[in-house]
Every structure is written in structure tokens, then in C-alpha cells.
Amino acid sequence: MKKHIYPADIYLPEFDRIDSSKWACVACDQYTSERDYWRALRAFVGDEPSTLSLMLPEAYLDMTEQAVPLINAEMRKYLDSGILKCHENKMIYLERTQSDGRVRRGIIGAIDLEEYDYHKGAKTPIRATEGTVLDRIPPRVAIRRDAPIELPHIMILIDDPKKTVIEPIAERAGEYSVAYDLELMGGGGHAKGYFVCEKDFDAINVALDRLAAKDEMSKKYGVSAEPLLFAIGDGNHSLATAKTLYEEIKTQIGAKAARNHPARYALCEIVNLHDAALEFEPIYRVLFGVDAEDFATEFKKHLDALRGDADEQSFELVWHGGGCKLDVKTPVAQLAVGTVQSFLDEYVAKKGIEIDYVHGIDSVKKLCEQENTLGILFDGMSKDMLFKTVICDGALPRKTFSMGHAQDKRYYIECRKIK
């Protein structure tokens, strides 16, 4: 039997000794243009132990150089002072109650970075679903390079319509000891984790191995291709960072020595694409320092010139004091996000404006109350299209979809040593 997910030595605080409501914070790539959100969290946490002190929000990437030594020092302090306790050889079954009250289920363990490739055209069992922005990797590598621990916000999807991997573990949760049971900051809901019994590790991997079989892939997708078992749903840039650093280490110490190095693996959560609580949301585009009227005119010209055979698409542009709707009858790209991104790549470079990728219509409209700011709204992608599209066409346009609202993203809870 091939292993696809591994147990790990997982570090957690002893939650009866800290204020557990201040421990878990949302992934660093959320609220990227909303520093008020992060300031409010810092005020709430104060000096209490918190994963907020162990990560750098992307809203503050311009402060990477100053922040990294402080973050790494805090990590060492949490290890040395005993705030973090090691639980050896563990997988965790997670029940995440979202802000809407629905429960999303997942299994947390380690994946082998030798099985992962984020580059376009990859054929590995673990692949990116969207284009990887290479210039987002170096700041993350700077954080991870001297970090003694990793905190995962990586969520990996499996296409398991028959519910053979996670759901049988969920049925046995009553037999497991509780790892944590805590509220999540910032309106993120609740998380309850259980330590999976070691006797169930093999069953998880046997079920995953069946999903990865070539005949299963052919039956599901109608194509003959290298199996795709794990599709990165959230946190691809963090996983790409882990891969980059692992390859760097492998070059330094040699492939043989790297086989047993902890950096070869990355902690993540696997979630079934068919979990009823999992929804795909579009990720909208917001432009800063833009002439809204000029953009609307140029984008309309671009849409009118398209002569493809994809289904009709529509876009809503919003800006301070105005807005409009634009339709394209014959788009070339199958997805609306592909249509807009192909235009934006050239327009943003030519005009020298800034772009951000924002979750939620309300967040877009709030940002667009500022002068010279424009938001682009459009329909999202059905989650049933994901695996076959990645297998047949490769990675989707970057920032194509989001799995739920920002507050329902993966929160930092577990830690793992990488040195």
C-alpha cells in the first residue's frame, strides 16, 4: 500500500492553560487590503499566546524584513517555554463549524513534497489548481527559512463522491480523544479536533490509494492521464514555499540526506470536494489608482472583440459614485475569471496600477468607496469542474476561486517542527 498522507509530530498548546479563544487566527492571505481587521485582532489578543504572533499577514508584506526575526523568536519562545506540547505520530480529524453554522470535515496530516509540483503542466499526484505567482514566494521563503516550526493553512481537496476517506473517520470520532475544542477569532466559528487512532491510519491511505487508481480516474473524468489525487484548494503559495525551501535544502545536503529531513513534508488538511459545507466562491478583482471610465471603455472594447465558443458571460464594474454592467456573447475562455484576467494582465502592466484579489461582494464595494478604485464582479466556477479542468487544461487562472468566505478559511491551530 502506498502512503499518501502521513502522521506527524503535531504541536499544540495545552488549552486549559491559555485563553483558547485567542489562539487560532485566520490564514495570512485573507483581508489583504483590510489592515483594520488585523489591528482589531491584535488588540483582542494582547500579549496572550496566539498563532497571530507566529505569522505575517499579507496585508503587512511590506514589513517582512522587520517582522521575520520577531516571528521566529516568538516561535522559539513558544517551544522553549513549553507553551507548545508535542503529540507524537498523530493525524487529526477536524470538525470545523463555519460562520453559517454548517460543519466542514477534514483530516490533518503530512504530505510528501516529492509528490507535489506547482508548475504549469505538472503530472504529479499533488498539483496546484491555479497559477502560482512566483514573486509571492520569496517573502514567504524568508519567513520559513529560519522558522523552527510551520503552521499550516493549506487545504487540499480530494474528489471522493462515494465518501470513502474522511466520512468513515467522522463516524468513528466518538472513539477518539479530543485534541482541541475552541472558538475562532474574527467570527470564524468553531473548531473541534480529534486524534485519529493509529489503527485507522492504514484505512485512510487504502481509501486514498483507490481514488488515485488510473482506472478510477478514467471512469470519473473520461480521460487517460496521470492521476490527480490531491488538488490544492487553499494555501498553494504556502505549499509552493515549502517545496522551494525543501529543494534548496536538498541541493545543500544532497538527495539522500534530504529523504529523512522534516522539511520534505508539509502539514495540511484534506477535505472532500463533495462535503456539503464546502462551497466555491469567486475571488473578485479590485484595482487601485485606476481611471474607472478609461478601464470600463477599454474592457468593453476587449469583450466586444472576442470571438470564441464559450457560454455568454457578464461582469459588473463598481467604483466611487458609479458603475456599469458588461456582457460578452462569445468569450474565448470557459470561465469568466479567465476572460477578465487575460485582459487585466496586460492592462495592469501597461497602466502601472495596483491589483488585489478580494473575497466577498461587500468587501469589494467597501473598498470601492475610495477614489480611483474599481471592483470587478462576476460569476464563479462550479466545484464539479475543478478536477477535470486541472487534469485536462492544467492550472486555472490565478485566484480563480475561494472555498467559502474569508472568515471560513483554514485557521492556524496546529504546528509542526521543520528543523
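**Entry 1. Terms and model**

For residue classes I count Ala, Val, Leu, Ile, Met, Phe, Trp, Tyr, Cys and Pro as nonpolar, Asp, Glu, Lys and Arg as charged, and the others, Gly among them, as polar. The model is predicted, and local features need pLDDT of at least 70, side-chain atom pairs count only at pLDDT 80 or more, while totals for chains, interfaces and linings use all residues. Residues are numbered from 1 along each chain as its sequence is written, and side-chain values use heavy atoms, with hydrogens and water left out.

**Entry 2. Pockets**

I work on a 1 Å grid over the protein atoms alone: a pocket is an open set of points with protein on both sides within 12 Å along at least five of seven lines, a cavity is a set where a 1.4 Å probe fits but cannot get out, and lining residues have an atom within 4 Å of a point. Points are joined across faces, edges and corners, and a volume is the space filled by probe spheres set on them. Helices (H or I, at least four residues) and strands (E, at least two) are DSSP runs, numbered from the N terminus.

I looked up the largest pocket and found about 570 Å³ of space in it. It has 18 lining residues, of which E58, R136, I355, D356 and Y357 are the closest to its centre. Strand β17 (residues 354-359) supplies the largest share of this lining, with 5 residues. By class the lining of the largest pocket has 7 nonpolar, 3 polar and 8 charged residues.

The second largest pocket holds about 370 Å³. Among its 14 lining residues, R42, L52, M55, L56 and P57 are the closest to the centre. Helices α1 (35-45) and α2 (64-80) each give at least two residues to the lining of this second pocket, and α2 has the largest share, 4 residues. I note 10 nonpolar, 2 polar and 2 charged residues in the lining of the second largest pocket.

**Entry 3. Cavities**

How many cavities of 30 Å³ or more does the structure hold? I find 4. The largest cavity contains about 370 Å³ of space. Its lining has 24 residues, and I143, R144, L151, S238 and Y412 are the closest to its centre. Two or more lining residues of the largest cavity come from each of α3 (137-145), β8 (149-150), α7 (236-253) and β13 (265-272). The most come from α7, with 4 residues. The lining of the largest cavity divides into 17 nonpolar, 3 polar and 4 charged residues.

For the second largest cavity I record about 260 Å³. Of its 23 lining residues, D29, E130, D234, G235 and K399 are the closest to the centre. Both β12 (230-234) and α7 give two or more residues to this lining. By class, the lining of the second largest cavity has 4 nonpolar, 10 polar and 9 charged residues.

**Entry 4. Sheet**

Two strands pair if DSSP finds at least two bridges between them. I traced an open sheet of 9 strands with mixed pairing, in the order β6-β7-β12-β9-β13-β5-β4-β11-β10. Its edge strands, β6 (116-117) and β10 (177-184), each pair on one side only. Strand β9 (residues 155-158) runs parallel to β13 over 4 bridges, and I156 has I270 of β13 as its bridge partner.

**Entry 5. Aromatic pairs**

Rings of Phe, Tyr and Trp (its six-membered ring) pair if their centres lie within 6.5 Å, with planes under 30 degrees apart counted as stacked, over 60 as edge-to-face and the rest as tilted. Residues are buried under 20% relative accessible area, exposed over 50% and partly exposed in between (1.4 Å probe, protein chains only).

My search of the whole structure gives 17 aromatic pairs. Y37 and W38 make an edge-to-face pair, 5.2 Å centre to centre with 85 degrees between the planes, and both residues are buried.

Why do F343 and Y347 count as stacked? Their ring centres are 5.4 Å apart and their planes lie at 25 degrees, so the pair is stacked. In helix α10 (residues 336-351), F343 and Y347 are 4 residues apart, about one helical turn. F343 is buried at 9% relative accessibility, and Y347 is buried at 3% relative accessible area. Both F343 and Y347 belong to one aromatic cluster with Y284, F295, F299, F315 and F378.

**Entry 6. Cysteines**

With a disulfide taken as a pair of cysteine sulfur atoms within 2.5 Å, I count 0 disulfides. The cysteine sulfur nearest to C86 is that of C415, 11 Å away. C86 is partly exposed, at 29% relative accessible area. For C268 the nearest cysteine sulfur is also that of C415, 15 Å away, and C268 is buried at 0% relative accessible area.
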